[in-house]
Amino acid sequence: MKLEADLHIHTLACGHGYSTVKEIAESAAQVGLKMIAITEHGLAMPGAPHQYYFENLSRIPVDLFGVEILKGVEANIINMHGCLDMPEGLLKRMDIVLAGFHAGTGMDGLSADEYTAAMIAAIRNPYVHVIVHPGNPEFPVDFDRVIMAGKERQKAFELNNSSLSASRLGSATRCSQFSRIIKKYNARVVINSDAHIFTEVGKCRNAINMAAINGLDESHVINTNIDRVKEYLYLHRQHLLDSAVLPA
Ligand SMILES: [Zn+2]
Ligand SMILES: [Zn+2]
């Protein structure tokens with residue numbers, strides 16, 4: 001399985017990343033990616049960029065070194081209602097919104113039932129495109145329930161390569177189990193590097209192998225083709241417009 005897009009990448013701007021946009025885009029071109037998403041951590045993460053950073057994202061060209069650049073955020077789910085740590089005005093301007101749980105952003109120490117409810121609420125948040133690293137054992141969720149909610153809203157989940165190599169230790173067993181349940185429901189995933197340095201861009205071998213071992217193929221993985229990524233983002237843009245005209 002080959003990926004055409006890597007939709008979860010950090011730069012120097014997140015406070016704990018080590019490469020510039022130029023280094024990231026150049027590296028993406030070198031490894032043959034057609035599209036990347038720059039997705040800095042949301043405002044609640046210690047060291048995250050100021051909201052001016054997100055307001056200024058249009059300065060980044062839409063194409064660098066022949067690679068299409070999406071501008072997004074890896075937002076934090078900050079309450080049981082599935083709210084994110086970004087003002088709505090900014091979420092509206094993002095090409096892609098990833099959402100997940102991170103330590104130190106207000107959701108530590110809750111129960112699996114609470115994490116499940118908060119994640120389902122985030123799935124139903126019309127601004128959210130992808131739920132990141134759902135296999136993180138630090139924030140356990142009921143996989144069947146969240147994947148069913150994802151199916152209902154046509155939302156994809158992430159298989160995160162960094163969870164299998166660099167961070168969120170102990171994720172492998174749960175990520176593998178998650179992949180099997182994705183297969184059971186014929187749901188959709190994206191496979192991302194979660195790179196924090198240019199050398200990691202597009203490096204998703206561990207996650208690709210895990211997906212394949214658990215029976216997932218290109219039909220389950222949206223970012224094996226950039227036209228599918230664009231269709232997916234377009235679909236949710238339309239849902240957002242539809243939900244905006246519904247009575248409150
Ligand atoms: Zn990070
Ligand atoms: Zn990340």
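Predicted model: local features only at pLDDT ≥ 70, side-chain atom pairs only at ≥ 80, totals over all residues.
Biologist: Let's start with the metals. Which residues are the protein donors of the zinc ion (ligand 1)?

Modeller: His16, His41 and His196, each through NE2, lying 2.1 Å from the zinc ion (ligand 1). Along the chain, these donors follow the spacing H-x24-H-x154-H.

Biologist: Where do His16 and His41 sit?

Modeller: His16 is in the loop between β1 (5-9) and α1 (21-30), and His41 is in strand β2 (residues 35-41). The pair is 25 residues apart and links distant parts of the chain.

Biologist: Is His41 buried or exposed?

Modeller: His41 counts as buried, because its relative accessibility is 3% and the cut-off for buried is under 20%. His16 counts as partly exposed, at 29%.

Biologist: Which parts of the chain do His8 and Asp194 link?

Modeller: His8 is in strand β1, while Asp194 is in the loop between β8 (189-192) and α7 (205-213). They are 186 residues apart. His8 is buried, at 0% relative accessibility, and Asp194 is buried too, at 3%.

Biologist: How far apart are the two zinc ions?

Modeller: The zinc ion (ligand 1) and the zinc ion (ligand 2) are 4.5 Å apart.

Biologist: What about Phe198: where does it lie, and what does it touch?

Modeller: Phe198 lies in the loop between β8 and α7. Leaving out residues up to four places away in sequence, Phe198 touches Ser19, Glu23, Ile24 and Ser27. Phe198 is partly exposed, with a relative accessible area of 37%.

Biologist: Changing topic. How do the axes of α4 and α5 cross?

Modeller: Helix α4 (residues 112-124) and helix α5 (residues 143-152) have axes that come within 9 Å and cross at roughly 10°. That makes α4 roughly parallel to α5, because angles under 35 degrees count that way.

Biologist: Which residues meet there?

Modeller: From α4, Asp113, Thr116, Met119, Ile120, Ile123 and Arg124; from α5, Arg145, Val146, Ala149, Gly150 and Glu152. The residues of this contact divide into 5 nonpolar, 2 polar and 4 charged.

Biologist: Last topic, backbone. What is phi of Phe65?

Modeller: Near 55°, a positive value in a residue other than glycine. Most residues other than glycine have a negative phi. Phe65 lies in the loop between β3 (63-64) and β4 (67-76) and counts as partly exposed, at 41% relative accessibility.

Biologist: And Asn186, what phi does it have, and where does it lie?

Modeller: Asn186 has a positive phi of about 55° although it is not a glycine. Asn186 lies in the loop between α6 (171-185) and β8. At 37% relative accessibility, Asn186 counts as partly exposed.

Terms used. Residues numbered from 1 in each chain as written. Chains lettered and ligands numbered in written order. Heavy atoms only, no water. Axes fitted to C-alpha atoms, helices over the stretch in contact; angles between N-to-C directions. Helix = DSSP H or I, 4+ residues; strand = E, 2+ residues; numbered from the N terminus. Parallel < 35°, antiparallel > 145°, perpendicular 65-115°, else oblique. Contact = heavy atoms within 4.5 Å. Nonpolar A, V, L, I, M, F, W, Y, C, P; charged D, E, K, R; others polar. Donors = N, O, S within 2.8 Å, 3.2 Å for Na, K, Ca; no water. Buried < 20%, exposed > 50% of the residue type's maximum accessible area, 1.4 Å probe, protein only.
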